[in-house]
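Please read the following walk through a two-chain model with the structure open beside the text. The account goes from one chain to the other by way of their interface.

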Amino acid sequence: MPNEFAKSPLGVYIEHCKKGELAYQVTEDGKPVFFPRAAAPVTGGKLEWRVSKGLGTVHATTVVHGAKDQKPWNVALVDLDEGFRMMSRVEDIDPMQVKIGMRVKVRMTAGDEKQPPYPVFTAVEGSR
Amino acid sequence: MSRKRGSVAVVGAAESDLGLVAPEMSPTDLMAQATLRALDDCGLKLSDIDAVFASHSQSRMGVLQLCEYLRIKPRYYDSTIVGGSSFMAHLAHAQTAIENGDAEVAVIAYGSTQRSVTRAAASSREFLYYESPYRPFLPSSAYALAASRHMHEFGTTREHLAEVAVAARKWALMNPVAWEKEPLTIEQVLNARMVSYPFTVRDCCLVTDGGGAIIITSAARAKSLKKKAAYVLGVGESIGHATISNMPDLTVTAAAESGRQAFKMAGLKPSDVRMLSLYDAFTITPILFLEDLGFCPKGEGGRFVANGAIAPGGKLAVNTSGGGLSYCHPGMYGLLVLIEAVRQVRGDCGQRQVKDCNVSLAHGNGGVLSSECTVILGSESTL
């Protein structure tokens, strides 16, 4: 019998990222699921892929202070409008100015050999 | 719930060497040292041990290493690893094993040399595809995200967080084996090096070596031993999530469930507890646990700890050892959380002893507010 999965959940997610898309999954009764999985939580049922519109709201935020020669950076939990939450980073503003409740939109990083493109966020104009 | 209130007791408790241990000491050296000290504390022998509980981050097979080292052939063993609350889980599992007749004398042991070998070497960081690219400084940033929600929803301030660190330091100054030896002020906490906002380095637990062991046996056997025992009145275990992105509500931990279980089994309420040992990995954690365990309403934890309320002389004795913030934090610190609660019930705490401490509560936290386990201990008078 052949293996069930030709592509892993993460592999599909990365393919979408490479196309500039933030992908997530939904259960058979339409509930959003993130992170990508091989089967639905709770029910064990099947999952379908969807592409997010990429709009969301900052749910929680911190500013990480690394080595002395590094500028501090933001790490946030973002609630996407489709109803799932993910960790990300809000860029292009002072990380201390990232506020809970701020509206944000997704932007895909360029990626390189080590790290495939991944979604970050920027503030939606006028949301501050 | 099969476990019965007071069916087993912690009869021996001991720390290993702490702080910065001798060069080349191994986690197993520390586990063995603490095991022998804990046996000496209760007057039992190595050959009495028939159940072994051990897990640590520097080896995948802590039980095998401790059993090989001390030549123990356990009838029962368990190396459940759910982070810093593992040892409260071990205690609950030991109680079940002893009640079922699968074991008679259990040891729970832990050791870490994370200060000596560096934290990176002691606890290799897992790559989490959906988190690691954003470079959170884990676990600190996960707890910082939870703190940001608590501040946003309930008006908790950085000064409230700093109160927790200052109280811990005041207790630590009464503990001769505590790592920190100098006083600490709110201003010093606020102005220390920022790690992951809102936490400065003084909001974060220490990175030390250390370990410990406790010996558990049936209540009947406990009464025949040379020293007073700490009877297990209630236990509760609850698992929430693995990653902070998947925590259902950042301001409510699984301690609400583990605490409910433990209080129900003990037939007690928060006002019966004379001393709390709450896992203080970061200054936000005792605030969350005071709320979730029912010592104050949800959202009031910051205001509850203000004005030295959990410091010596305050309204509630919390983390009398000085806690993970000022006494010792060797990675998975939960066993030392338990040991202080055992000692308070046995009246072993000297200068920092809480008066008439017939009931204490030890709460363990693992991962990123992920696994919560609560143990309520009582003196013989509470049976």
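Predicted model: local features only at pLDDT ≥ 70, side-chain atom pairs only at ≥ 80, totals over all residues.

Helices and strands are taken here as DSSP runs, with at least four residues (H or I) for a helix and at least two (E) for a strand, and they are numbered from the N terminus. On that basis Leu369(B) is placed in the loop between β11 and β12 (371-378) of chain B.

Chain A contains 1 helix and 9 strands. Along the sequence these elements follow the pattern α-β-β-β-β-β-β-β-β-β. The C-alpha trace of chain A spans about 55 × 35 × 25 Å along its principal axes. Chain A has 128 residues, of which 31% count as buried. For contacts in chain A between residues at least 6 apart in sequence, 48% join residues at least 24 apart.

An open sheet in chain A is formed by 3 strands in the order β2-β1-β3, with antiparallel pairing. In this sheet β2 (32-33) and β3 (47-51) of chain A each have a single partner strand and stand at the edges, so one side of each has no neighbour in the sheet. Strand β1 (residues 23-27) of chain A runs antiparallel to β3(A) and is joined to it by 5 bridges. Within β3(A), Arg50(A) is the residue that stands opposite Tyr24(A). The loop between β2 and β3 of chain A holds Phe35(A). The peptide bond leading from Phe34(A) to Phe35(A) is cis, and its omega is near 10 degrees.

Further along chain A, strand β9 (residues 119-123) pairs with strand β7 (residues 90-91) in the parallel sense, over 2 bridges. Here Val90(A) has Phe121(A) of β9(A) as its bridge partner. Strand β8 (residues 103-108) of chain A also pairs with β9(A), in this case antiparallel and through 5 bridges. In that pairing, Thr122(A) in β9(A) is the bridge partner of Lys105(A).

The next step is the interface. Between the two chains, 20 residues of chain B are in contact with 19 residues of chain A. On the side of chain B that touches chain A, α6 (140-154) and β5 (194-196) of chain B each supply at least two residues. The largest share of that side comes from α6(B), with 6 residues. By residue type, the side of chain B that touches chain A divides into 12 nonpolar, 5 polar and 3 charged.

One residue of chain B to inspect here is Tyr134(B), which lies in the loop between α5 (119-122) and α6 of chain B. Leaving aside residues up to four places away in sequence, Tyr134(B) touches Val75(A), Met87(A), Ser88(A) and Arg89(A). Is Tyr134(B) buried or exposed? There are 21 other C-beta atoms within 10 Å of Tyr134(B), so the residue is buried, the cut-off being 20 or more.

Within chain B, the axes of helix α1 (residues 27-42) and helix α2 (residues 62-70) come within 10 Å and cross at roughly 60 degrees. That angle makes α1(B) oblique to α2(B). The crossing of these two helices, α1(B) and α2(B), is right-handed. On the α1(B) side the contact is made by Thr28(B), Met31(B), Ala32(B) and Thr35(B), and on the α2(B) side by Gln65(B), Leu66(B), Tyr69(B) and Leu70(B). The residues of this contact between α1(B) and α2(B) comprise 5 nonpolar, 3 polar and no charged.

Some local backbone features of chain B remain. Tyr197(B) and Pro198(B) are joined by a cis peptide bond with omega about 10 degrees. Pro198(B) sits in the loop between β5 and β6 (199-200) of chain B.

Asp356(B) belongs to the loop between α14 (334-346) and β11 (359-366) of chain B. Its phi is near 50 degrees, a positive value in a residue other than glycine. With 10 other C-beta atoms within 10 Å, Asp356(B) is exposed. Leu369(B), in the loop between β11 and β12 of chain B, has phi near 60 degrees, again a positive value in a residue other than glycine. Leu369(B) counts as buried because it has 30 C-beta neighbours inside 10 Å.

Note on methods. Residues numbered from 1 in each chain as written. Chains lettered and ligands numbered in written order. Axes fitted to C-alpha atoms, helices over the stretch in contact; angles between N-to-C directions. Parallel < 35°, antiparallel > 145°, perpendicular 65-115°, else oblique. Left-handed = near helix turned anticlockwise from the far one by under 90°. Contact = placed C-beta atoms within 7 Å. Nonpolar A, V, L, I, M, F, W, Y, C, P; charged D, E, K, R; others polar. Pairing = 2+ DSSP bridges. Buried ≥ 20, exposed ≤ 12 C-beta atoms within 10 Å, placed from the backbone.
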